[in-house]
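Me: Please take a close look at one part for me, the contact between the chains. Then follow it into the sheets, and keep it chatty.

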Amino acid sequence: MKTLKNLSILFISALVFTACSSDDDNPEPVNEEEVITTLTATLVPVGGGTTITLQTQDLDGDGPNDPEITVSGALAANTTYNGTLELLNETESPAESINEEIEEEDEDHQFFFQITNSLATFTYDDFDEDGNPVGLEFTVTTDDTTGAGTLTITLRHEPSKSANGVSDGDITNAGGETDIQAVFSISVK
Amino acid sequence: MKHYIMILACCLFSIVYGQNCNYKLSGNVHDFHDGSAITGAVIYIKTLDRYTTTDIDGNYSIDNLCKGLLILEVSHLACDTKQIEIQINGDTQYDINMEHHIEELNQIKIDAQGNHKLTKTSQETQLKTKTLERFSAFSLGDALKQISGVSSINTGNTIVKPVINGLHSSRIVVLTNNVRLQDQEWGIEHAPNIDLNSAGYINVIKGANALAYGGDAIGGVIVLKPKNISLKDSLYGNTILGMQSNGRGPNISSTLTKSWKKGWYLTGQASYKIFGDFKTPDYYLTNTGMNSKGLSLNTGFKTFEKGFNVFYSYLNNEIGILRSSHIGNIEDLVNAINSEEPLVHNDFSYDINAPKQEITHQVFKTDFYKRFKKFGRLEIQYDFQNNQRFEYDIRVGDDKEKAALDLTLKTHTLKSDLKIDSNTNAIYKFGINAGFQNNFANPDTGVRRLIPDYDKYDFGIYAISELKLNENTNLDFGFRYDFNKINAKKFYLTSRWEERRYDEDFADIVIDDLGTQLLVNPVLTYHNISASAGITHQFNANNSVIFNYGLSNRAPNPSELFSDGLHHSAARIELGDLRIKQETSNRIGVSYLFKNEKLSLNLESYLNHIHDYIYIKPTGTETTIRGAFPVWEYLQTNALLYGLDVSANYKFNNQWYLNNKTAFIKGRNLTEKEALIDMPSFKTINAIGYSNKKWLNFKAELQSELVLKQNDYPDNNFEVYIPTTEESVLLDISSPPPTYHLMHFESDITVKLSEKSDLNIGLNITNIFNTSYREYLNRLRYFADDLGRNFMLQLKINY
């Protein structure tokens with residue numbers, strides 16, 4: 001009799017536990033908070049001319065679709081451009097700007113610009129509190145070299161900005177993790 | 001007092017009725033289990049100070065008894081002495097059940113011979129309390145490597161998953177105090193949530209031959225049991241204090257047990273350890289510290305006939321993961337692999353920052369058992385487990401302190417086991433279990449769920465027979481059926497859903513379309529059949545063999561089914577597949593055991609064919625805004641694993657001995673005709689030991705550990721284009737690290753403090769020569785060396 005009693009207590013407690021945890025609600029969707037879907041580089045020529053925009057947009061984040069890369073046109077030779085970068089999370093609506101987050105933690109972020117065939121030179125126009133470059137604002141200068149090549153824009157999180165060459169824009173010793181890496185086909189005419 | 005009352009009573013009776021002392025008490029003394037007669041049991045009539053013994057049929061009789069109360073004390077070898085009170089009112093027939101303590105006898109044998117096994121015909125090894133105590137500061141995976149054929153797959157040195165004959169994770173069942181651990185064992189960086197200090201013994205059964213514990217243990221079963229509690233009135237305990245140089249960590253563990261002769265017992269155990277950054281011979285491994293708190297309570301009542309147990313355990317681990325292993329894209333991975341040293345290595349610190357994991361595992365269990373005369377033992381158990389896992393990634397902005405993964409896994413299990421052991425030559429075991437599991441992935445992380453919300457239902461039944469054909473031959477058969485059902489609700493990116501071509505095969509399970517994401521409701525059911533058969537034969541005092549066969553099925557785990565996303569620690573996109581079927585293993589094991597006074601040798605060979613073996617393989621790259629990532633997909637193939645595990649011990653005399661443990665394993669992917677990934681390489685450990693009882697029980701052992709380079713591996717390397725350097729380079733994610741050889745030393749002495757207490761002082765040194773090495777089965781081998789020299793001092797007080 002006692003055995004039976006003990007058994008029934010066990011069963012009841014098990015049922016109570018199971019009953020409590022069943023519900024039929026659907027889970028809420030998660031919108032990725034810090035995903036960067038879009039990087040737009042806007043190059044405005046000093047003294048007038050055609051503004052050039054370079055954009056990479058990957059709306060499915062880590063999904064299988066490749067980012068869409070667009071380049072509005074060729075850069076002009078012997079021109080100086082004021083460049084700005086805009087980063088967006090377009091999975092949210094309205095789209096959320098990521099620039100602010102980078103500005104707030106500018107000592108932990110740095111953009112790198114690498115261009116092939118010496119088509120242009122890049123200089124940083126914005127700096128963190130330690131005087132190290134960030135790269136949301138920059139200057140692009142072309143000389144009389146013309147031709148085609150690629151421009152790679154890389155954002156590194158927690159790079160060692162004090163490492164050799166890093167503050168001059170050399171990525172070799174930067175370390176850190178890559179948050180963005182976009183390769184644009186460009187030309188200078 | 002009793003005597004006095006009795007005498008008084010006798011006197012009263014004699015006054016009233018006069019003396020009549022011609023009564024006779026007779027009966028039979030037999031065994032509780034099988035009802036067999038107990039010959040030669042001594043019956044002491046306490047009240048009369050007379051003795052008698054049972055005859056060959058277990059019968060006894062006592063003449064010339066007066067009316068009144070008799071107190072008998074019945075005793076027999078291997079039985080608890082039993083006290084019985086009988087009221088004599090005339091000629092009386094009284095049969096007595098004796099409790100033959102077969103199990104308890106076995107328990108005593110454990111300590112004497114160290115070969116107490118849970119199964120008769122499996123390849124099974126036991127680790128005893130003394131061995132486990134040496135690993136007080138380490139993990140389950142570290143301790144199990146003492147067994148030949150058991151290795152580990154690591155993420156650093158604090159996340160250690162046991163590997164049995166090349167198989168790990170969901171292919172291994174871990175039981176702690178008879179509760180099957182449900183702690184998200186599917187992930188490589190999910191180590192078993194076990195505080196080694198709460199275990200008294202660990203048995204490792206290779207292969208799926210222990211069907212009572214589960215039918216899907218294709219690799220094997222690990223059974224942890226608390227220390228035995230002897231039924232006497234006592235209070236005892238022990239405390240272990242340790243300190244080690246590498247990681248600069250102290251650890252403490254304490255156990256206290258109160259037991260009562262009547263059968264009650266209460267044990268409390270607590271442990272705490274803390275480590276800072278570990279060190280290779282050349283640099284600190286930044287962010288590899290850990291912080292672990294464990295607590296367990298075990299109480300109940302046990303007698304031979306019945307008992308119950310209530311058990312609770314709590315374990316909280318905060319584990320830092322090597323900072324340099326968190327990387328952004330394929331280019332970072334190339335840089336990390338090609339860099340001699342990790343890209344981030346700072347000075348020593350106890351700080352644990354992201355990336356890190358914090359896991360809390362709680363187990364509550366209660367069971368009740370009763371033995372039935374001439375029948376067997378019935379046990380009923382309910383357990384509840386709560387596993388809470390947080391994983392913190394390196395994040396920016398407001399999310400910096402937020403976990404990237406937040407999973408709560410709750411499991412309820414109700415089970416009952418029946419053991420019919422009235423005939424010790426034919427023992428039958430039956431069991432049934434039902435389980436419910438709920439996984440909840442918290443959406444507040446702001447990161448898409450890696451593992452979806454799901455409910456899982458399990459049901460299993462088994463039957464096992466253990467037959468003793470004759471003194472030297474045992475035969476086992478087992479059969480088991482399991483049913484699993486997973487009801488999940490998962491969000492897929494629409495692009496991923498289409499890329500997987502689920503829109504063709506699973507269109508009917510979409511329950512909500514959110515534009516870029518789809519909510520789907522896969523309901524997957526699996527029927528699994530397992531069977532086992534085994535025979536042992538002892539040829540003579542020295543030679544014996546074991547031959548066994550096991551058939552087992554394992555249903556795919558949530559990771560294999562549902563994974564879809566970027567895994568930062570591996571810089572890869574991992575994709576599961578809803579179409580994955582269960583895998584089927586056919587395993588044959590053959591063991592030869594030799595034992596004489598000097599030499600003991602154990603050769604365990606096995607051949608394991610796994611049909612539809614589930615594994616993960618790189619199949620290409622995908623580009624995101626972060627850059628390119630290799631894609632690893634879960635696939636199925638046919639696999640064959642075979643190998644030989646050797647353990648040998650040779651005693652020169654009472655003081656000196658030699659010991660060898662060697663494991664050789666090969667794994668083949670039969671479909672692809674290539675080696676299987678992540679197979680342990682050849683390993684041999686040779687030790688020379690010395691002990692001397694006269695020098696405070698001094699023991700010392702010098703070990704040589706040789707691990708050869710794994711030459712059989714699938715070449716998954718591929719060329720990647722690195723935009724920043726404008727060149728294509730080889731991403732070498734396959735090549736195993738070179739051969740390494742390490743030397744270790746361990747020693748201890750025991751000092752008697754008092755009648756009942758002693759102090760054991762141990763000094764261990766691992767990697768004596770501070771050798772730099774990397775291990776193939778350590779996932780952080782791409783980023784950093786393994787551990788350098790470590791001095792460890794341990795004080796153990798038994799009281």
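Reply: Let's settle a word before anything else: two residues are in contact if their C-beta atoms, placed from the backbone, lie within 7 Å. Bear in mind that this is a predicted model, so local features need pLDDT of at least 70 and side-chain atom pairs count only at pLDDT 80 or more, while totals for chains, interfaces and linings use all residues. As for labels, residues are numbered from 1 along each chain as its sequence is written, and chains are lettered from A and ligands numbered from 1 in the order in which they are written.

With that cut-off, 49 residues of chain A are in contact with 52 residues of chain B. On chain A's side, helix H1 (2-20), helix H2 (99-104), S9 and S10 each put in at least two residues. Helices here are DSSP runs of H or I, at least four residues, and strands are runs of E, at least two, numbered from the N terminus. H1(A) has the largest share of that side, with 8 residues. By type, the side of chain A that touches chain B splits into 16 nonpolar, 20 polar and 13 charged.

Now for S9 and S10. They belong to an open, antiparallel sheet of 3 strands in chain A, ordered S6-S9-S10; strands pair if DSSP finds at least two bridges between them. S6 (109-115) and S10 (177-188) of chain A are the edge strands, each pairing on one side only. Neighbouring strands in this sheet are turned by 15° against each other on average, direction ignored. Axes are lines fitted to C-alpha atoms (for helices, over the stretch in contact), and angles run from 0 to 180 degrees between N-to-C directions. S6(A) and S9(A) (residues 147-157) run antiparallel, joined by 7 bridges, and A:Phe113 stands opposite A:Ile153 in S9(A).

Over in chain B there's an open sheet of 4 strands, antiparallel too, in the order S3-S2-S5-S6. S3 (50-53) and S6 (82-88) of chain B have a single partner strand each, so one side of each is left without a neighbour in the sheet. The twist averages 25° from one strand to the next. S2(B) (residues 42-45) pairs with S3(B) over 4 bridges, antiparallel, and B:Val42 stands opposite B:Thr53 in S3(B).

Key: Nonpolar A, V, L, I, M, F, W, Y, C, P; charged D, E, K, R; others polar.
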